Amino acid sequence: MFGKADGTTELDAFYPIRPECIADVPKTRFKPRAGKTLSERRWHASFTQDGHLDIAKVLRRIQRGGIHPSIKGVVWEFLLGCYDPNSTFEERNQLKEQRREQFNTWKAECQRLVPVIGTGKFITTPLIGDDGQPTDDSLISVPLSDKKVLQWVQTLHQIGLDVVRTDRALVFYESETNQAKLWDVLSIYTWLDDDIGYVQGMNDICSPMVILLEDEADSFWCFERAMRRLRENFRTSASSMGVQSQLSTLSQIIKIVDPKLHQHLDDLDAGEYLFAFRMLMVLFRREFSFADALYLWELMWAMEYNPNIFSLYEKPETSQTQENAPVVSGKLLKQYGKFQRKNLTTGNTEQHSALAVFLVASVLEVKNRQILKEAKGVDDVVKILGDITANLDAKKACTEALKIQKKYLSKTKKA
């Protein structure tokens, strides 16, 4: 599993970069490390004979060194709440089959409206012309008078345009079939969520799931679970963006842990922290190489892990009482990630204080002196933060974020 070959070479085999793009992508820092990274052998050894998972042991290992690429997809399914660690192999197989059937039903529903879905092809030109009429004969019988249908059909080419731009440096997306898989998943998700619909950036969140999980239905459900956490970030209206609530929390955190920096940013008209918009929206995808972004995500999800996550999604009415009950057992506490454990033990219930917000705070703290000394306007702040691309260490960033969380909770408690 962990040979003597350079870890980066090993990663190149899992996420190969197109030769002409190698010079343009950030250098990958993550390397699978024996004794620290969750290996395939360790993963399989974490299950009992009937399939119960020792999630505490798995979280410990992930928080030390991430997940080996060969098992990332299946481990993510647990971290994101697709499956309950207390279930058996048989129960999970049944659930997987049910979900695949459900996905195929939704896919067939979408295919009846737009036949290109599921064909291994996708579209990048509008299906509805300026005159409001279909540009494709296959859509003539589609009920475009239905607002939901019209809105969805009008979005499909935009998803296609974003798919073409998604992770272009990866060999995986040289294949039109793979691009179409990403388009299918995003199109079907958008059909189901007509409240928020499709927003640019969702493609960056979905892409790794499509790469890591071979079955399109499994990719969809993994993405759907990730969007449970991130969905509100994408809610936009004429006057606000969903991510603003997290930007507001970021402002509050910096104001408490580093009032001098907050005051300086405020003086520069950067007190609303809009420069951090992209980092929070697509979870640092632009600041890291593909492999490092995946490493950062799994560190975050392991640190934020809540053992009730599966029941919170599947049976919200019964899990509410579990969530409100005080957690006293040390054994149970170990089934929570470090970040979530700290929130529990201090009674912090803030909805928008996700680990990602503390990660941005940790980046600002790293650049504290430079911002105070050199930033004379918002553009300078953006440039200083732009210089972190490929220079950030995911593990160190998470460690610093946890320290800031501790400092913030300590100061707010005293207040």
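**View 1. Arg235 is partly exposed, at 30% relative accessibility.** This is a predicted model, and here we zoom in on a salt bridge between the side chains of Arg235 and Asp195, with N and O 2.9 Å apart. The two come from distant parts of the chain, 40 residues apart. Arg235 sits in the loop between α9 (216-230) and α10 (244-257), while Asp195 sits in the loop between α7 (176-192) and α8 (202-212). Asp195 is partly exposed too, with a relative accessible area of 47%.

**View 2. Lys96 and Glu77 pair up in a salt bridge.** Their closest N and O atoms are 3.8 Å apart. Lys96 belongs to helix α5 (residues 89-113) and Glu77 to helix α4 (residues 72-79), so this pair ties together parts 19 residues apart in sequence.

**View 3. Arg278 reaches Glu287 through a salt bridge.** Look for the closest N and O atoms, 3.0 Å apart. What about cover? Arg278 is partly exposed, with 42% relative accessible area, whereas Glu287 is buried at 4%.

**View 4. Four acidic residues make a negative surface patch.** The members are Asp266, Asp267, Asp269 and Glu272. Asp266 is found in helix α11 (residues 259-267). With a relative accessible area of 41%, Asp266 is partly exposed.

Methods: Residues are numbered from 1 along each chain as its sequence is written. This is a predicted model: local features need pLDDT of at least 70, side-chain atom pairs count only at pLDDT 80 or more; totals for chains, interfaces and linings use all residues. Side-chain values use heavy atoms; hydrogens and water are left out. Patches are made of residues with over 30% relative accessible area and no salt bridge: like charges are joined within 9 Å, nonpolar side chains (Val, Leu, Ile, Met, Phe, Trp, Tyr) within 5 Å. Accessible areas come from the Shrake-Rupley method with a 1.4 Å probe; for residues, only the protein chains shown count as cover. Lys and Arg count as positive and Asp and Glu as negative; His and the chain ends are not counted. The place of a charge is taken as NZ of Lys, CZ of Arg, CG of Asp or CD of Glu. Helices (H or I, at least four residues) and strands (E, at least two) are DSSP runs, numbered from the N terminus. Buried means under 20% relative accessible area, exposed over 50%, partly exposed in between (1.4 Å probe, protein chains only).
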